[in-house]
Amino acid sequence: MMTQEQCTHRNNVQSSEKPQVYKVGIYGWRKRCLYFFVLLLMILILINLALTIWILKVMNFTIDGMGNLRITEKGLKLEGDSEFLQPLYAKEIQSKPGRPLFLQSSRNVSVNIVNNNNKLLTQLVTGSTGFKARGKMFEVKSTSGKLLFSADEQEVVVGADRLRVMGAEGAVFSKSVETPHVRAEPFKELRLESPTRSLLMEAPKGIQILAEAGDIQAICRSELRLESKDGEISLDAQRIRLLQLPEGKASTSSSSSGTRQTVYEVCVCPNGRLFLSQAGTGSTCQISNNVCL
């Protein structure tokens with residue numbers, strides 16, 4: 001057991017010692033580094049906020065859209081000039097009411113129509129070399145809906161009231177042409193020509209060639225043949241001229257010694273050939289039939 005003196009001495013020792021205090025926190029260089037990083041973070045936040053505000057200002061971000069791009073109930077509305085670097089997929093493209101739609105490209109502008117399997121059905125290409133269209137059918141209609149031009153694999157239809165060919169060489173057809181009316185422009189000549197082959201005009205109910213204020217000429221190198229199988233050939237005119245017909249020569253015994261006559265009669269050989277014979281008091285065809293031999 002401890003004596004009273006020992007207890008008194010221990011209490012005096014404990015009372016003489018001061019209590020220890022422990023500091024909690026960051027002090028010294030650690031505290032300065034922390035303040036530096038906090039300040040740097042605040043500066044970065046301010047710079048980021050300023051850049052964001054600048055981008056919003058430059059790009060013209062609004063509640064309705066960005067810049068010239070507006071988001072509406074019907075879709076996207078784009079005002080001004082725009083450049084697309086990748087393909088554009090849209091259901092409908094239309095201009096502003098009363099304003100034209102302008103498409104421009106440094107190479108070509110292509111419009112493709114594909115099916116569900118991404119197979120090309122219709123294609124429209126405009127480039128530096130020309131204009132190309134690909135599809136099963138091509139149609140051009142007027143504002144009233146009248147068909148002006150149509151083309152497919154079977155036929156090409158021109159629905160206009162008049163087809164005008166302005167080329168100096170005219171129109172060239174490698175196959176047959178079927179039309180109810182061929183007419184030249186007023187005060188212009190109409191010429192049907194086949195330079196190396198034959199020219200055939202055929203109609204089941206007849207062919208009419210009419211020149212109301214001019215002449216009709218039929219010129220050939222070989223024979224010109226007029227044939228009517230079931231009807232007749234009529235020459236209806238005030239004057240009919242048969243030029244360069246051969247003249248039959250009468251025998252010396254039957255020839256007259258008078259002056260040369262200027263009146264002839266037209267004779268026909270059994271083979272249908274025509275020739276002239278000097279007219280007399282009677283028919284002289286039998287006397288001058290040497291042309292038929």
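## The nonpolar core

A nonpolar core is a set of buried Ala, Val, Leu, Ile, Met, Phe, Trp, Tyr and Cys residues joined through side-chain atoms within 4.5 Å. Buried stands for a relative accessible area under 20%, exposed for one over 50%, and partly exposed for what lies in between, with a 1.4 Å probe and protein chains only. In this predicted model, local features need pLDDT of at least 70 and side-chain atom pairs count only at pLDDT 80 or more, while totals for chains, interfaces and linings use all residues. Residues are numbered from 1 along each chain as its sequence is written, and side-chain values use heavy atoms, with hydrogens and water left out.

The largest nonpolar core has five residues: Cys267, Cys269, Phe275, Cys285 and Val291. Cys269 touches Phe275 and Cys292, not counting residues up to four places away in sequence; a contact means heavy atoms within 4.5 Å.

## Overall arrangement

The protein chain contains two helices and 11 strands, in the order α-α-β-β-β-β-β-β-β-β-β-β-β along the sequence. Helices (H or I, at least four residues) and strands (E, at least two) are DSSP runs, numbered from the N terminus. Of the 293 residues in the protein chain, 5% are buried. Among contacts with a separation of 6 or more, 13% join residues 24 or more positions apart.

## The annotated transmembrane region

The UniProt record, an unreviewed entry, places a "transmembrane region" at residues 33-56. UniProt positions follow the numbering used here, feature names are shortened, and annotations may be inferred rather than shown by experiment.

Strand S3 (76-78) and S4 each supply at least two lining residues, and S4 gives the largest share, seven residues. By class, the lining has 19 nonpolar, 13 polar and nine charged residues. Ala, Val, Leu, Ile, Met, Phe, Trp, Tyr, Cys and Pro count as nonpolar, Asp, Glu, Lys and Arg as charged, and the others, Gly among them, as polar.

## Residues in strands and loops

Asn108 is found in strand S4 and is partly exposed at 39% relative accessible area. Beyond its neighbours within four places in sequence, Asn108 is in contact with Val125, Thr126 and Gly127. Asn108 and Val125 are 17 residues apart in sequence, and their C-alpha atoms are 6.8 Å apart in space. Ser150, in strand S8 (residues 147-151), is buried at 9% relative accessibility.

Asn118 has a positive phi of about 60° although it is not a glycine. Asn118 lies in the loop between strand S4 (108-114) and strand S5 (120-127), and is exposed at 62% relative accessible area. Gln244, also not a glycine, has a positive phi of about 60°. Gln244 is exposed at 82% relative accessibility.
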